[in-house]
Every structure is written in structure tokens, then in C-alpha cells.
Amino acid sequence: MNPSPRRHRLAAAASLVLLAYTTHAQSLEPTAAGNPPPAIERTAPPKPPVRPRTTPAAKPAAEAAQPSALTADLFYEILMGEITARSGDPGSGYSLVLDAARRLRDGKLFQRAVEIALQSRSGDAAISAARAWQEALPNSRDARRIELQILIALNRISETVEPLRAEVAATSQIERPLLMAVIARTYGRAADKKLAASVVEQALVDELKSPTTGGLAWATVGRLRLNAGDPSGALDAARKGQAIDPSSEAPSALALELIDPGQPLAEPIVTRYLANNPKASPDLRIAYARTLVENRRFSDASTQLQTLTAARPELAEPWLLLGSLQMQARQEAAAETSLKRYVDLMTAPGQSQDAGDVADRKRGLTQAYLVLSQLAERRKDFQAADRWITRIDSTDNQSAIQGRRASLLAKQGKLPQARELLRALPERTAEERKQKLLAETQLLREAKQYQAAYDLLAQASAAAPDDGDLVYDQAMMAEKLNRLDDMERLLRRLMTLKPESQNAYNALGYSFADRKIRLDEARTLIQKAVQLAPEDPFIADSLGWVEFRLGNTAEAIRILEAAYKTRPDPEIGAHFGEVLWSVGQKDRAVAIWKESLLTDAENETLQETLKRLRVKP
């Protein structure tokens, strides 16, 4: 016969209480008469005392079991508190458990009172329990931390200054970096983010002034300012942090996130730290190099990576990044050396078998094998290119492998075989089917088989007439075939399908401008694209180009210079250089073209421009 639900609850509650107080009873130490028992909350488990070896009979009397402070009345009070809380009356249960916690001065019971209050959605009661906990056990960091968490969750940020200040003061210097990261993350979730930044700054007032902690503290304040949408304030914090503690990495890590054309003072913080701290974290230099790559400052990124690989040749990741940049800069021999070094390091025995590390390693090796394959392809060594491809783990990268092999076949004049290879790929979803078709179209485009690509896209578009990607790609193939009426029809259809498609307006306007026809209409179309995507440097390039065609050279230079500064792409560089060339600034034009050739020497627009102007940079 099963016991009643009430007996179940009584048994469960009694078990909970007994379990909690087994430890409590065993941990109490003897106290002087009339003195309360000592606090049992500690920030870390106590180390066991070192005792001399003795026979069992020689054990000191102090080790004998001590009576528990838990009386029958207190046990009953706790038991009833649990039962009441679980029976739908959390308020009464909270009061009973909190009273017992105060009388026993026990951290576990205070925490249970907080839990009951939170379960009943009573934030004020939870705060009261946490503060009572601190009054009873002033050295309990758990009590203070819970109070902070609850106040932040209740958006009572202004009340956290003193608890946070006390928590920081109680934290050792070794633990400070972790604490600051927790502060930034926790306060970053506050609803009033500006207030959160201000409160943390007040709480860290002593740390902000200290040469030992100032760098880390200012970086924490700066991250909260950045989180509150105040990049200027964040930059000011990074500068102050570095000024007070030049050896701290934290201000430069913050400044790294602020690097932007609109924040010219951020990057010097990073470069100054790296120059003055030879043992700076490799992760910071790698992150800086990645930022430079994102800003298309490839030469500067390579310099940083070369510095790092010379100082720490045993690190794998810098070799992969450096090799990829060297390949892009047409430094084939250096790129191959760097990438092979990366492969050797990543395939050496003793690699971590952690699932995350294994996945990262597979991704990195896939990238390295693909770039090594491209390098072999450049020197027409197609067998070597295929050998690198075969080293890729095929379980997760089948499409990438087959796509690369298809490209190699096409480069060898085996376009039919390449197309068959792509068509053999599985089509488990509509998206996979579409990606296969686009990959085949790309093969045909690279082989200059524009009519075949157009026909393939037309067939796919007929089956999916509302797919804007297919319509756009078909229009671009019509442009390659010089079928301007067809191109315009398709792009205007795309404008109807997707009125917010800036690419449709930009492509049609640029096509008119490039052919020096319907220039006023071209400008109107491109201006519409600018309205839809005002930050797009390629659309700005189109606007600068149409202004040049209209004879507004000064305006064209202004627009193209800004676009090239934002995104130094070879196509933008080709246009910018030609406009400069037309006004006699030939040295500057050649410099931009040389830079663009380093980025992509095979860019069609760049090559056509240099050939037409008869320039060999």
C-alpha cells in the first residue's frame, strides 16, 4: 500500500533537514560558555589540520563528537517551514526557516530562506534574508554575492555600491581579474546600463586610483560604458587605465574593441602596450592582427603575425593567419612554408582530445589544406592540389571538398567532369539544391561560359520564380552577355519582388554609369541604393563612379576616397585610381593600384582599367 501524499511530503522534508544538519552538527566547534557558536560560512573549504601520528587511544579529547546545536524545537520549526513552503504557503514557510537560520546562525538555512522567497517571487523578502544572513555571518561572501545578484535582478542598481565595494575589498589580487570579468558580465545585463556603469565606477573608486589595480578597474568601467552605448567614455577609460598601469593588458584589450576609423585614438593604446610589453599575451596580438585584417590592412596584420611567429614559433594559429595573408599577397613560397608549419604543429602527437579543441583543429586544418591546394593550383600542379584536398576530413566537409575538386577539374579544361562532380552531391534540402546550382553556375562563370550559366539560372528561376537570389544572378549573367534589356527587365522584376533590395538598384545604376548611358537615371537609382544601405562602401563606389561620368570629379574623389578608406577593395581602388589619374595625380593613382594588386591581382575591373590606361604599376 502506497503512503499518502502528505506522508511523502513529511518524509521528503525530514530527509532534507536531516541531510542539511548532518554536516552542521559535525562542524560545530566548542565555544566558551555564553558565547554564540562561530560562523560556519567560509569562502573556501578549510584545510585539515596536520596532526602527528598517534595510536587510536592517544587521540585528543577535542576530537570527540560534540552535541549539535539543533534542538528538537528547532528541528520541528525547520521541518514545518519546509512543509508549509511546499504546501502553498511560502510566506509562512519563509518566516519559520529564516527564524531558525537566525537562531542557529547557519548559512545553509539563510540560503534556503532566500530560495523560498525567490520561489514565491518576493524580491524584498529575499533581500531581507540575504541581509539578515550578513548580519549573522559578517564574513560570509556568499551572503553578499546573493544580495548583489538579487539587487541587480530587481534593477535596484544604486543599492549595490557598498556591497560591491565590500566584495572587491575581500577579493585577493590573484582573483581580481576573474571578479572584474564577472562584474562586467553581471552589470552588463542590467536594464539601466548607464546607471550600472556609474555604480560600478563608484564602487571601484579606490581600485581606480591604485597603480596595482587601476588598469583592470578602468577597463571594467570602460566595458560597461561601451555596453551602455558610450564608446567615447569607454575610450577615455582605456586611456586612463593604461596611464595608471602601463603593464596591464586589460585597457589595450578594451581599446582593441574600439578600433574604428571614427576612433583614431584607440589603436595607439594597443600598439603602445604591445611595444612596451614584449611578453604580451599572444592572444592579444592575434586579435589585433584579426582586427587589421577586418579593416583590410593586410600588410600591418602580416607584420604583427611575423613578430609573433618569430617570438613564439611553437604557437600554431599565427602560422595559419600569416600563411593565408601571404597567399593573398602572392607570396607563394612564404605562404606554403607558413601553412606547412601550421599543419605540422596541429598534427603532432599529444594534441588535446577535448571535443571543442578537436573541432577547432579540424576547422583550422581544413582551411590550411584548402589554401595549400590553391597555392599548388597557382603553379599548375593539379595533382598536388588534389592531394591536399584529400587530406580534409570528408565527414563534415563533403560539399567543400567536391566543390574544390570540381574547380580543379574546370581549371584543367575538364568542365563537363567538374559539373558532373557537383551534380553528384546530395540534395537533402531545397537549400542544398540551390547551393549546388549556384556552385555550378560559378564554375561556368569562371570558365566564361556565360550563356550556359544564364540558361541554368533561367531554368532554376522558372521553378522558383520568387527567389530573388536566382533573379539577381541571372541578371548579372545577362549583363555579361551584353543583353542589357534582359538585365534591366530582371533587375526591375527584383525591385518588385524585393523593394528594399539595394543590390538591384545599385547594379542597374552602375551598369548604366559604366556604359556612359542614362547617367541621370543611373544617379537616381544609385542614390536609392544609398538610402537603403548608407554604410555600404560598394554602393558608395557606384555613386562616385557615376559622379565621375557626369563630370563632377571633385565630388567623385571625395566619395571614392571615403569608400576606399572604409573598404580598400581592388574594384574600388580601380575606380579611385582612374579618377585620380584623370586629374593628374598619377603617383597617387599608381600607389593605390599597386596596393589593390597585392589584394587581388586577378580582379577583372582592375585589370581592365590598367590595360585600357596602359599602366603597369
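Helix α13 passes helix α14 in a left-handed crossing, a term used where the near helix is turned anticlockwise from the far one by less than a right angle. The model is predicted, so that local features need pLDDT of at least 70 and side-chain atom pairs count only at pLDDT 80 or more, while totals for chains, interfaces and linings use all residues. Residues are numbered from 1 along each chain as its sequence is written, and side-chain values use heavy atoms, with hydrogens and water left out.

**Helix pair**
- The axes of α13 (residues 250-258) and α14 (residues 266-276) come within 8 Å and cross at roughly 140°, with axes being lines fitted to C-alpha atoms over the stretch in contact and angles running from 0 to 180 degrees between N-to-C directions.
- Contact, meaning heavy atoms within 4.5 Å, is made by Pro251, Ser252, Ala255, Leu256 and Leu258 of α13 and by Ala266, Ile269, Val270 and Tyr273 of α14.

**Nonpolar cores**
- In the largest nonpolar core, of 61 residues, those touching the most other members are Leu491, Leu508, Val546, Phe576, Val579 and Trp593; such a core is a set of buried Ala, Val, Leu, Ile, Met, Phe, Trp, Tyr and Cys residues joined through side-chain atoms within 4.5 Å.
- Apart from this core lies another, of 26 residues, including Leu235, Tyr273, Leu292 and Leu325.

**Isoleucine 152**
- Isoleucine 152 counts as buried because its relative accessibility is 9%, buried meaning under 20% relative accessible area (1.4 Å probe, protein chains only).
- Isoleucine 152 touches Ile157, Thr160, Thr186 and Tyr187, not counting residues up to four places away in sequence, and its C-alpha atom is separated by 8.0 Å from that of threonine 186, 34 residues apart along the chain.

Notes
Buried < 20%, exposed > 50% of the residue type's maximum accessible area, 1.4 Å probe, protein only. Helix = DSSP H or I, 4+ residues; strand = E, 2+ residues; numbered from the N terminus.
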